[in-house]
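Me: Could you take a close look at one part of this model for me? I would like to hear about the surroundings of the ligand, and then about a pair of packed helices.

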Amino acid sequence: MDSPLFGPEHLEFRDRVRAFAQHDIAPLARALDQESRFPWDNVKGMAALGLLGVPWPKALGGAGADYLSYILTIHEIAKVDASHAITVSAHTTLATSPIIEFGSDAQRDTFVPRLAQGRVLGGFALTEPGAGSDAGGTKTTAVRSGDHYVLNGSKLFITHGGVGEVYVVTARTDPAAPRTHGITAFLVTKDTTDLSETARAGVGHDATLPKCPGVKAGKREDKLGWRASDTRELIFQDALVPAENILGTPGQGFRMMLQTLDAGRIGLAALALGIAEGAFEQCIAYTGSRTQFGKPIASFQGVHFPLADMATEIAAAHHLVYHAAWLKMNARPFRQAAAMAKLYASELAMRVTTKAVQLHGAAGYTSEYPVERMMRDAKICEIGEGTSEIQRIVIARSLLGDLID
Ligand SMILES: Cc1cc2nc3c(=O)[nH]c(=O)nc-3n(C[C@H](O)[C@H](O)[C@H](O)COP(=O)(O)OP(=O)(O)OC[C@H]3O[C@@H](n4cnc5c(N)ncnc54)[C@H](O)[C@@H]3O)c2cc1C
């Protein structure tokens with residue numbers, strides 16, 4: 001779909017990402033999903049194309065493209081495979097953008113080129129066993145000890161918790177402060193769990209980056225979808241983090257992470273939109289080729305209606321997603337627009353993929369066709385980076401302001 005917001009540079013960027021997605025990702029997506037395998041070779045390919053640092057300046061190792069190009073990247077990749085798309089999105093928006101936004105010059109110089117060039121993968125560690133939607137309920141502690149902080153606790157469901165080497169982590173530094181005020185963000189490092197694979201692929205591990213002792217990855221989650229994405233617990237046992245790795249202002253970690261999530265939601269909305277559009281494209285192809293009652297099933301009016309509904313709702317989601325991206329890119333307030341885009345696109349991805357399986361009949365229920373994987377991949381979009389219920393709360397708060405306590 002075109003948009004008045006896209007210039008020739010966006011279309012050219014989109015074509016390059018689309019070619020990579022079709023040529024390098026699509027043929028592997030089914031096997032990676034079935035084997036729950038992290039796609040290191042494609043991480044290398046994406047790094048070579050600049051897709052792990054699309055919106056960051058070239059001086060910091062990024063591609064120097066704009067935010068719309070970044071959102072187009074996630075959208076295009078998700079049409080083919082959501083696991084690859086969340087790798088780009090979690091790495092870029094959740095792990096690197098807080099360093100760009102809140103980091104010191106020294107932190108940016110140390111971490112951003114490594115992340116933007118894919119020399120290491122990054123993650124964002126906010127969720128805990130007792131702190132999901134209520135992320136202010138952080139129990140992980142960070143206690144000052146000389147030049148370091150000692151972290152204890154654990155984070156749950158962390159994208160790249162195993163494969164990554166750099167994390168933005170929240171921990172409670174002031175137990176006496178009001179709930180969300182005593183939380184500080186830290187830059188925490190560890191070695192990837194995939195040392196042999198990263199050595200083979202030549203990407204994802206940087207031995208020159210000092211690592212924090214006491215940080216380790218926990219069990220790998222066995223998930224319904226996003227199966228080629230690495231989701232793990234991240235454990236801190238007397239982990240030693242240099243005091244210079246505090247990100248931004250001490251005690252402001254919760255506020256900074258909420259800001260990071262506002263932008264993250266545009267990425268996740270683009271991912272959900274990509275899944276919906278990918279499933280829709282499968283439906284156009286399948287209903288045109290599948291013959292029943294002597295005709296392609298696409299000739300039945302009962303098939304026209306869901307296809308028309310899908311196309312209309314995908315167009316609506318497209319406008320919401322790129323409008324939110326444009327607001328962010330132009331430094332306008334975007335919290336409400338991002339929550340609306342995420343809410344609508346993620347619920348749409350579930351509607352479209354469920355209908356896509358239906359339009360494929362029994363074939364759609366098998367792994368021969370990608371729509372069953374797309375349906376499984378869509379579900380987490382209604383949960384991650386704030387559930388649909390939390391998006392409705394964010395939207396209602398921005399509508400009602402002071403009327404809500
Ligand atoms: C594949 C995957 C990847 C993830 N990646 C990351 C990551 O990289 N970093 C990270 O920090 N986290 C990550 N998460 C965690 C994710 O962000 C949380 O799962 C999500 O925020 C919801 O938290 P929860 O699972 O604890 O659900 P809960 O908060 O326990 O919610 C359970 C249900 O209660 C509802 N609910 C809760 N509070 C309210 C309320 N006030 N009003 C109405 N309904 C409410 C929810 O909407 C939901 O339906 C990931 C999760 C998954 C599954």
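Predicted model: local features only at pLDDT ≥ 70, side-chain atom pairs only at ≥ 80, totals over all residues.

Phe124 takes part through its backbone, where a polar atom is 2.7 Å from a nitrogen atom of the ligand. Thr387 uses its side chain instead: an N or O atom there is 2.7 Å from an oxygen atom of the ligand. Thr159 also has a polar side-chain atom facing a ligand nitrogen, at 2.9 Å. On its own, the ligand has 980 Å² of accessible area, and the protein covers 63% of this.

Now for the helices. Helix α3 spans residues 67-80 and helix α4 spans residues 82-102. Their axes come within 6 Å and cross at roughly 155°. Angles over 145 degrees count as roughly antiparallel, so α3 and α4 are roughly antiparallel to each other. On the α3 side, the contact is made by Tyr70, Thr73, Ile74, Ile77, Ala78 and Val80. From α4 come Ala82, His84, Ala85, Val88, Ser89, Thr92 and Thr93.

Conventions: Residues numbered from 1 in each chain as written. Heavy atoms only, no water. Axes fitted to C-alpha atoms, helices over the stretch in contact; angles between N-to-C directions. Helix = DSSP H or I, 4+ residues; strand = E, 2+ residues; numbered from the N terminus. Parallel < 35°, antiparallel > 145°, perpendicular 65-115°, else oblique. Contact = heavy atoms within 4.5 Å. Polar contact = N/O pair within 3.5 Å; in protein donor to acceptor, adjacent residues only side chain to side chain. Areas by Shrake-Rupley, 256 points an atom, 1.4 Å probe, with all protein chains shown as cover.
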